Amino acid sequence: MDSATLYGGWFYEKSNSGTHCTAGWPIRDSAGKEAILTAGHCRTPSNTMNFYYQNAVLSEVSAYANSNNGWQTLDYAMYRLGTHATAPYINIENGRTVEGEYVSVPGYATNYYPIDYPKEPVRGQFICKMGVNTGLTCGRITELNYTDSEYSNLVRMSESAQRYIGLRGDSGGPVFAFRTSDNAAVHPIGLAVKASVIETFRGTEKISERPCRNTSTVGANNTTCHVLFMRLSTIRGYSPYTINTISGFRAP
């Protein structure tokens, strides 16, 4: 295909690896070139991002980071579109069967949602993410500067009423708040980096891991399972860009 319109929230294959990540936000990079923003750890040595349904392959990375300098985890990649294009919409799919259980968020339809102006995360705010494996899941911001032995200064989303808030493959997906006046558009907030897992060790050797499963249907009771994400404004501080919105390209 010579040209296709590519959307955040779609899945893509990492090169020809058979593994997938999620496209994040439609952007223009610091050179004014249109691109897709996704997670840096999804990048492969050959750099290719394959959208099979559209027969579109992206391979030019204009900005990239996958590191932790001790006070800030950086995890993003900007794939230029070449002959392809973006639109000020993201794909949101509500309803997935995960580990044999149906995961969905009541009150939201599967659709392409317009992208309104970006917002900053606020502690306690109700937000959502779109990921290829769990689809739409939502929760609340419980920490603005989450740090552990592996990650630094990320935002933590937890307290989800869905059984599974995130899985591998959801990385790179858009994190957003629905527009409060009508739920008919989204405000960009972040980029998904990591979903929590339950690990089993024998001594210091990890022998297995499984998805983190919420046990309650009341979100406030589910404080263990979480998704970590980068603020879009933090990414902009390292690699300037603007987001394709219904009011033009805007800086987060």
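Author: In this structure, helices (H or I, at least four residues) and strands (E, at least two) are DSSP runs numbered from the N terminus. The model is predicted, so local features need pLDDT of at least 70 and side-chain atom pairs count only at pLDDT 80 or more, while totals for chains, interfaces and linings use all residues. Residues are numbered from 1 along each chain as its sequence is written, and side-chain values use heavy atoms, with hydrogens and water left out.

Reader: Between which two strands is the loop that holds Tyr117?

Author: Tyr117 is partly exposed, with a relative accessible area of 34%, where buried means under 20%, exposed over 50% and partly exposed in between, for a 1.4 Å probe and protein chains only. The loop that holds Tyr117 runs between strand 13 (111–114) and strand 14 (126–131).

Reader: Leaving aside its neighbours within four places in sequence, which residues is Tyr117 in contact with?

Author: Contact means heavy atoms within 4.5 Å. With neighbours within four places in sequence set aside, the residues in contact with Tyr117 are His187, Pro188 and Arg250.

Reader: What is the order of the strands in the open sheet of six strands?

Author: Two strands pair if DSSP finds at least two bridges between them. Pairing in this open sheet of six strands is antiparallel, and the order is 8-9-5-4-22-23.

Reader: What is the volume of the largest pocket?

Author: On a 1 Å grid over the protein atoms alone, a pocket is an open set of points where a 1.4 Å probe fits, with protein on both sides within 12 Å along at least five of seven lines, and its lining residues have an atom within 4 Å of a point. The largest pocket has a lining of 23 residues, of which His41, Arg168, Ser171, Val193 and Lys194 lie nearest its centre. Taking volume as the space filled by probe spheres set on the points, which are joined across faces, edges and corners, the largest pocket has about 310 Å³.

Reader: Which elements give two or more residues to the lining of the second largest pocket?

Author: The second largest pocket holds about 200 Å³ of space, and its lining has 14 residues, with Glu150, Tyr151, Lys194, Val197 and Glu199 nearest the centre. The elements giving two or more residues to this lining are strand 18, strand 19 (197–202) and strand 20 (205–211).
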